[in-house]
Amino acid sequence: MKEEIIIFGNGQDWCEKSLTDFKKYKNITIINDKYLCKLNSFFLFFAKIHFSYKLNKKIKLPFKSIWFKKIIKGINKNSDENIIFIIYDRNLMANNEKFIKKIRKEFPKCKLVYMFTNIVNISGARDNDFVEKLNKFYDVVYAFDPVDGKKYNFKYSPLIYSYNKLNVSSEEKVFYVGRAKDRYEMLLKSYEKLKQIGINRKFYISDVKSEARKYEEEIEYNRYISYDECLKNIQESTCLLDIIQGNSTGFTIKTCEAVFYDKLLITTNKNVINAPFYNKKYILIIESANDINIDFFKNAGKVKYSKKGKEYFSVETYLKKLYKDLNINDERIKNEEKYK
């Protein structure tokens, strides 16, 4: 195995869980700490201020390079090694020119790969005015949305997802968790339609002002839940609701979850019909809440997505694509080299 792979996640717990299957590979290290390195309480206090989203939104705080030494030390690799760095959008260093240059200086043989997890217009790269610079600083940039890929000359990759099974019992219930954003009205209408046709529901909607909240005794508003709790709710439910933002054609993590855990999916993403995992018995594409119907639930039968469909989001599929796009011989992922 010539290449080592270092994955810098975005610091979110869902990201950690989605990368679980990478841990089977002896040449892959995952660093999903928010600040890219372990910090004691003293340094953590200053890091929270230095990287505060609200503060940096008003003024870009300088001297973030003071953290580079700790990050490089945490990587714990020799400078002459062949390393592929996969850096997630919303990672605190993903759009930092000085950090990228530092990585290339410390590891001159490295390759840098950027991973979007959402559409470009609401990404960390957009917030940091870095979208147009990505192709200059990274060897490969993977768009979450195929349309974004064509627009910005990025390559396309779906989200990477891993199976994290819990021992829970399921019941007929539709589950949704997410921010209201531009989809709040559609979420409420979907909730009302599900209630009308007699389907149980469990909704967690955040970023909703108090005066805009409806069904407060039934819908959980503005309560953060961990991804572990989210996984529990997903696996207890029979159906997931996916109301996408704008005209996105990328497949959200809710789609990954439905496929991996064999759940029904109600989605506004019309592009799903072109996906290898699509099955009209399991996936209902809607334009309005009125398209939700009781027959979808009655006629689905036992939900079981195809092996090919699940492989679409798998770590193995991603690695094959990665090696191909970086012109690396993919024999390095043979089974004899795979497991620790």
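How many bridges join strand β10 to β11? In this predicted model, in which local features need pLDDT of at least 70, side-chain atom pairs count only at pLDDT 80 or more, and totals for chains, interfaces and linings use all residues, strand β10 (residues 239-242) is joined to β11 by 4 bridges, and the two strands run parallel. Residues are numbered from 1 along each chain as its sequence is written, and side-chain values use heavy atoms, with hydrogens and water left out. Helices (H or I, at least four residues) and strands (E, at least two) are DSSP runs, numbered from the N terminus, and two strands pair if DSSP finds at least two bridges between them.

Strands of a sheet pair through backbone hydrogen bonds, either parallel or antiparallel. Here 6 strands form an open sheet in the order β9-β8-β7-β10-β11-β12, and the pairing is parallel. Strands β9 (220-221) and β12 (283-285) stand at the edges with a single partner strand each, so one side of each is left without a neighbour in the sheet. Strand β7 (residues 174-179) pairs with strand β8 (residues 201-206) in the parallel sense over 6 bridges, and F175 stands opposite K202 in β8. Helix α9 (residues 184-196) packs on the sheet, where it touches β7, β8, β9 and β10, and its direction makes about 165° with that of β8. Axes are lines fitted to C-alpha atoms, for helices over the stretch in contact, and angles run from 0 to 180 degrees between N-to-C directions; contact means heavy atoms within 4.5 Å. Helix α10 (residues 227-236) lies across β7, β8 and β10 and runs at about 150° to β7.

The buried residues of α11 pack against β7, α10, β10, β11 and α13 (307-311), and α11 is followed by D262, whose phi is positive, near 55°.

A separate helix pair is formed by α4 (residues 68-75) and α5 (residues 97-106), whose axes come within 11 Å and cross at roughly 45°. The contact is made by F68, I71, I72 and I75 of α4 together with K98, F99, K102, I103 and E106 of α5.

Two further buried residues were examined individually. N164, placed in the loop between β6 (155-156) and β7, is buried with a relative accessible area of 12%. Although N164 and K17 are 147 residues apart along the chain, their C-alpha atoms are separated by 7.3 Å. Residues up to four places away in sequence not being counted, N164 touches K17, T20, L231, Q235 and Y261. S18, which lies in helix α1 (residues 13-18), is buried with a relative accessible area of 1%, and, leaving aside its neighbours within four places in sequence, S18 is in contact with I160, Y161 and S162.

Key. Buried means under 20% relative accessible area, exposed over 50%, partly exposed in between (1.4 Å probe, protein chains only).
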